[in-house]
Amino acid sequence: MLTNRVIPCLDVDLGRVVKGVSFVDIRDAGDPAELADFYNSEGADELVFLDITASSDERNTMVDVVERVSAEVFIPLTVGGGIRSRDDMGRMLEAGAEKVSVNSAAVADPALIEDCAREFGSQCVVLAIDAQRRNGEPDWQVFTHGGRRGTEFGAIKWAIRGAELGAGELLVTSMDADGQQTGYDIELLKSISDQVSVPLIASGGAGKVEHFADAIKDGGADAVLAASLFHYGTLRIADVKAHMDEVGLPVRPVD
Amino acid sequence: MSEFRLAIINTGAANIHSVEKAVRVAGGDPVVTTSADVISNAHAAILPGVGANDAVMRQLIDRELPDTIREFADSGRPLLCVCLGMQILFESSEEGELPGLGILRGDVVRFPVDSKTADGTRLKVPHMGWNTVHFLDDEVARHPAFEGIPQDTFFYFVHSYHCRAKDPGDVAATSPHGIEVCAAVVHDNIVGTQFHPEKSGRSGLEIYAKFLDFAQRTK
């Protein structure tokens, strides 16, 4: 049966992982391939690499990262951050990424989603949405540029439209919950999963094993993503999977 | 090993390099090619694919490869087809206008939109993630590429369309996603997987290794 995915997210700057794993003895905690291999052995179902390199001139280093990681680690790899065009997406896929996420550029030009889906298939187009609650408003506000720029878009509406345009998956981050470790924004997840039939990755707010299960059971997510929690060893992927299994959510056992 | 010629048919699909890397790790030395001559002279071939039916069929037609692939399939030499590579073996697809290669009888259709699974939850499309694969033959009767793979091993899937073989004997394995999805086909020398062995960790690499081993033995 189809299992719920547990996904660590790694931030990459200039080809190096920042905030690398700090709790195990790894020769080089900044090396993307070494960390990918570590998380593969931990039972990660997929990996997300987010390129946070500020300058677009230096973005090509990300292509090398994807090349190296995909030559060593044979699980799906999603790459995001700074993807502006169909060509950007094509380069990442060719380098070995399974999926590519778009965020700011898709808000600026929603046709990008359609264009990429037609060329490469919906299955590799992930729409990343950073959302924040607004007082007195029924929908969350979409932010772009790493959460720095507010937009006119409502998150639920944008999620529905993104899926209609051809996004094959949604990666929804609650900016309110992110870093708080008080749980994912279940209401946000549920509002989206109720209306969209593409898979949904929950992001932002995980602090304990129950939060992951809640995002799936109550939020309708298909996958759960976390970063620091895994990197600092607060929780291991095996802990999350053991709890999910206990409460009856199917997971792929760690080999 | 040096004279064993393995061709990965370049369908222009994005996962071609992942397939090549996985085949190398599994011990193969493939040539990624669009050349009809190279394919025709290979001892075994792999037909990968992701993306959209018409995009891949258009690439093959532009390079005059459909007949080359049909002849290769008819020749009895081992052919492994992955994901969209398996789907285009069939006669037609709802995903596009262009007919498939018609090597296997049957068609490719979309998962029903807004349908529910047995437990009443909404069926997610694409079918994306790690799912169990159930082989329909017991281990002894299986194709060598699948020999010894435990029942219900997890493999990585990502697809919105699924194959409906006209001849039930072509279906080698299924996976549950609302319906019993055709997860693998075997027809004489032709093997296909809907899942991605190149993204399925150790179990996936094992399939490439077993296919290579079989292909080298039958050379």
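I looked up A:Asp176 and found it partly exposed, with a relative accessible area of 32%; buried means under 20%, exposed over 50% and partly exposed in between, with a 1.4 Å probe and protein chains only. I note that this is a predicted model, in which local features need pLDDT of at least 70 and side-chain atom pairs count only at pLDDT 80 or more, while totals for chains, interfaces and linings use all residues. Residues are numbered from 1 along each chain as its sequence is written, chains are lettered from A and ligands numbered from 1 in the order in which they are written, and side-chain values use heavy atoms, with hydrogens and water left out.

**Entry on A:Asp176**

I placed A:Asp176 in the loop between strand S9 (169–174) and helix H7 (186–193) of chain A. Helices (H or I, at least four residues) and strands (E, at least two) are DSSP runs, numbered from the N terminus. Leaving out residues up to four places away in sequence, I listed A:Ala131, A:Gln132, A:Arg133 and A:Trp140 as touching A:Asp176; contact means heavy atoms within 4.5 Å. A polar atom of the A:Asp176 side chain lies 2.8 Å from the backbone nitrogen of A:Arg133. I take a polar contact as a pair of N or O atoms within 3.5 Å; within protein, one must be able to donate a hydrogen and the other to accept it, and residues adjacent in sequence count only if both atoms are side-chain atoms. From A:Asp176 to A:Gly205 I read 8.2 Å, C-alpha to C-alpha, for a separation of 29 residues in sequence.

**Entry on H7(A)**

A:Asp185 caps the N-terminal end of H7(A), with a side-chain oxygen 3.3 Å from the backbone nitrogen of A:Glu187. Within H7(A), I found A:Leu188, A:Leu189, A:Ser191, A:Ile192 and A:Ser193 buried. The buried residues of H7(A) pack against strand S6 (125–132), helix H6 (155–165), S9, strand S10 (200–203) and helix H8 (209–217) of chain A.

A:Thr53 lies in the loop between strand S3 (47–51) and H2 of chain A, and I found A:Thr53 buried, at 2% relative accessible area. Its side chain makes a polar contact of 2.7 Å with the side chain of A:Asp51. A polar atom of the A:Thr53 side chain also lies 3.0 Å from the backbone nitrogen of A:Leu14.

A:Leu14 is located in the loop between strand S1 (5–13) and strand S2 (16–18) of chain A. I found A:Leu14 partly exposed, with a relative accessible area of 45%. Its phi is positive, about 50 degrees, although A:Leu14 is not a glycine. Most residues other than glycine have a negative phi, and most peptide bonds are trans.

**Entry on backbone geometry in chain B**

B:Asp152 is another non-glycine residue with a positive phi, near 60 degrees. I located B:Asp152 in the loop between S7 and S8 of chain B, partly exposed at 39% relative accessibility. The peptide bond from B:Val125 to B:Pro126 is cis, with omega near 5 degrees. B:Pro126 belongs to the loop between strand S6 (106–110) and strand S7 (127–135) of chain B.

**Entry on H1(B)**

Is helix H1 of chain B largely enclosed or open, I asked myself; seven of the 10 residues of helix H1 (residues 16–25) are buried, so the helix is largely enclosed by the rest of the structure.

**Entry on rings**

I searched the whole structure and found nine aromatic pairs over all chains. Rings of Phe, Tyr and Trp (its six-membered ring) pair if their centres lie within 6.5 Å; planes under 30 degrees apart count as stacked, over 60 as edge-to-face and the rest as tilted. B:Phe157 and B:Phe195 form an edge-to-face pair, 5.7 Å centre to centre with 70 degrees between the planes. B:Phe157 lies in strand S8 (residues 153–159) and B:Phe195 in the loop between strand S12 (190–193) and helix H6 (201–217) of chain B, so the pair ties together parts that are 38 residues apart in sequence. Both B:Phe157 and B:Phe195 are buried.

I also noted A:Arg252 over the face of B:Trp130, at 3.7 Å from the ring centre. A charge sits over a ring if NZ of Lys or CZ of Arg is within 6 Å of the ring centre and within 35 degrees of the ring normal.
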